[in-house]
Amino acid sequence: MSGELAKKDLNINVEYITRVEGHGNIVVNVKEGKLEKCQLEIVEAPRFFEAMVRGRSLFEVQHITSRICGICSTGHCMASVQAAEGAMGYEVSEQTKLFRKLILHLETLDSHLLHAYFLVAPDALGAPSVVPLIKTHKDVVLRALRMKRQYSDMCDIMAGRHTHPISVCPRGWTKLPSKKELEKMKEIFTGQLDDLKETVEIFKSVKLPDFERETEYVALTHPDEYAFYEGELTTSDISGTVKPGDYMEIVHEYHAAHSTAKHSRNKRDSYMVGALARFNINSGQLNDEAKAVAEELGLKAPCYNPFMNTVAQVVEIAHCTYDAIRIIDHFLENGVDYDDVVTSWPTRDEWPSFKVKKGRGVGAVEVPRGLLIHDYTADEKAVVTEANCCIPTNQNLANVDLDMKKLIPEIIGKSEEEITLLSEMLVRAYDPCISCSCHLLDVKFV
Amino acid sequence: MSEDKKKVRIAFFDFADCEGCQLQLTYLNENFLGLLEHCEIVSFREAMSERSDEYDIAFVEGSITRKHDEERVRKIRENAKIVIAYGSCASLGGVNGLRRRFSDEEAKEIVYKGRDSHLEAGWPRPVHEVVKVDHFIHGCPSNNDETIKAVKSILLGKGYTPPDYPVCVECKLKENVCLFEKGQVCMGPVTRAGCGAWCPSWGNTCYSCRGLLDDPAEQGQTELLEKYGYTIDDITEKFDLYNRCRMDAEKEAEKK
């Protein structure tokens with residue numbers, strides 16, 4: 001750093017960072033070339049979901065916790081029904097699981113696409129939002145809208161809608177797709193493969209900042225598949241796995257002395273969850289199509305550049321697309337057992353003999369932004385007495401903080417505008433979901 | 001269209017909620033682009049970096065909880081010609097009302113488990129309990145068909161009045177088997193229609209996310225419950241999933 005730059009003063013205050021889900025501010029203070037303050041403040045209103053579900057039935061908890069976040073509602077439903085079923089001691093059918101994997105893929109596809117096209121691509125194409133791109137890159141915008149529309153159409157088929165899926169409930173599904181609907185989904189997916197190719201093309205030309213900071217990567221892992229819906233927890237710093245019920249062995253929530261925040265760490269001062277963490281841990285289990293995309297985009301495990309999280313998302317778009325087709329083909333070949341349909345609550349006749357055990361259940365799911373955990377304890381009437389939700393964005397906060405602390409000194413010679421843009425891009429790369437992160441806490445980190 | 005014709009300026013704001021209703025608008029796609037020929041979105045933080053304080057219509061999403069949120073929504077009311085409470089958190093208080101079952105201290109204790117917090121808990125309220133609301137678009141989430149209908153009608157200067165008949169009307173038209181027949185308790189008979197009986201059509205029960213009718217047929221509902229062997233207690237605890245704020249307001253009114 002030159003002598004002149006060493007004396008640089010800088011005050012960046014991005015109030016209400018845009019194109020992220022939820023309310024957050026970025027504050028960077030540099031005095032005489034020294035980084036004094038560097039924080040992502042979360043200013044979203046806290047909502048107290050752990051209190052909201054207390055005293056409610058396990059049969060309606062997924063309806064409530066889904067409302068933690070509109071974008072991640074399917075993921076919350078998945079973690080929620082798993083936790084509810086665990087707490088009451090109910091085993092779902094293999095068919096139920098497979099359909100849950102399918103709808104979870106749809107959410108991952110929809111969320112990654114939204115992030116890549118609407119939230120990240122404008123930075124790469126030099127526009128303040130997707131709106132001006134309608135004029136300059138109309139084909140790109142139309143493709144993004146078309147793909148989003150198709151994911152949304154398929155969510156409609158599966159669960160009535162994407163935001164707050166209707167037919168997902170403890171014990172299974174209240175409605176299952178017909179053969180015709182499965183064929184329709186297959187047709188949509190196969191018709192989309194050219195758009196998928198074009199999406200990969202865009203990200204070939206997108207130049208992401210060259211920045212690295214190695215951290216601990218945390219994700220679910222499963223012996224038979226690239227884990228999303230089920231698995232055990234593992235990290236890049238440990239050799240074995242940890243059962244979902246013991247998540248606290250890895251997810252150490254702590255109270256940082258300098259803040260009111262709930263941070264998470266394991267072996268180091270922070271860890272990362274999300275697409276890049278999943279890729280770093282499980283990339284060997286991606287399907288061949290996704291592996292080819294990773295190679296085309298130059299993503300190799302282990303990758304220590306957090307900006308590459310978006311590229312890992314594009315790789316997962318390929319994986320989820322082809323895995324969804326595999327699941328649909330399975331049902332087209334083997335048929336669907338419609339007797340598997342359940343009511344969202346036990347019926348009036350079922351209740352007297354319906355066995356609920358008193359206990360605790362933990363649901364662990366890889367949602368678009370990373371590892372999500374719902375942990376419920378309920379009584380013998382299936383009423384929740386205790387709940388805890390571990391949100392991916394919260395788990396990433398400490399890691400964003402440390403990335404910023406390393407990034408800012410490296411780019412201090414750039415103009416204030418460039419530094420602001422790069423800080424915003426870093427925060428966006430994590431695809432933070434602040435509605436989720438503030439389901440309970442007002443987070444500040446300094 | 002000619003450039004001189006002034007477009008109506010629309011802004012979106014969110015408070016305590018999941019932002020799922022704003023998200024619905026990203027599913028409008030071509031319809032959304034069509035709407036953009038008649039109006040201009042000047043502020044939509046979730047999707048745009050550009051923003052402006054000059055707008056005609058403000059869509060307010062989410063419940064109002066904290067002091068500075070109250071101030072923010074008052075400012076929005078001052079700036080806007082028309083304020084729309086968009087989605088159940090804004091129009092009813094929605095699921096946020098569940099938090100009202102606990103005092104600030106209890107809620108903090110449940111979440112922080114004894115750790116000291118200077119966090120302002122806030123008290124969840126629907127928007128109309130803080131500022132005047134001109135129009136309501138209910139739903140958790142909002143339904144795009146209704147949103148388009150409402151926005152068109154509002155742009156034409158006719159305002160928008162949501163239906164005042166129960167979800168059952170739409171459910172019957174969909175030829176769904178009545179949930180009561182399936183041994184389920186459903187809020188459809190007392191809930192405002194407009195969603196096309198969305199949840200019952202996908203096999204789930206109605207949770208009353210669009211709020212109670214202005215004048216629910218209590219007599220009819222009681223008879224229905226009796227017919228299927230339920231009591232009013234079986235459903236009261238379900239009412240408050242979305243309607244807690246209205247129930248509180250009615251209790252307050254009775255006291256006076």
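Predicted model: local features only at pLDDT ≥ 70, side-chain atom pairs only at ≥ 80, totals over all residues.
Residues are numbered from 1 along each chain as its sequence is written, while chains are lettered from A and ligands numbered from 1 in the order in which they are written.

**Exercise 1.** Find what span helix 7 of chain A should have, and compare it with its end C-alpha atoms.

*Solution.* Helices (H or I, at least four residues) and strands (E, at least two) are DSSP runs, numbered from the N terminus. The expected span is 1.5 Å times one less than the number of residues. Helix 7 of chain A, residues 138-159, has 22 residues and should therefore span 32 Å, which agrees with the 31 Å between its end C-alpha atoms. After helix 7 of chain A comes A:Gly160, with a positive phi near 85°.

**Exercise 2.** Describe the strand order of the open sheet in chain B, and identify its edge strands.

*Solution.* Two strands pair if DSSP finds at least two bridges between them. The five strands of this open sheet follow the order 2-1-3-4-5, with parallel pairing. Strand 2 (39-43) and strand 5 (135-137) of chain B each pair on one side only, which makes them the edge strands.

**Exercise 3.** Examine how strand 3 and strand 4 of chain B pair.

*Solution.* Strand 3 (residues 57-61) and strand 4 (residues 82-86) of chain B are joined in the parallel sense over four bridges. Within this pairing, B:Ala58 stands opposite B:Val83 of strand 4 of chain B.
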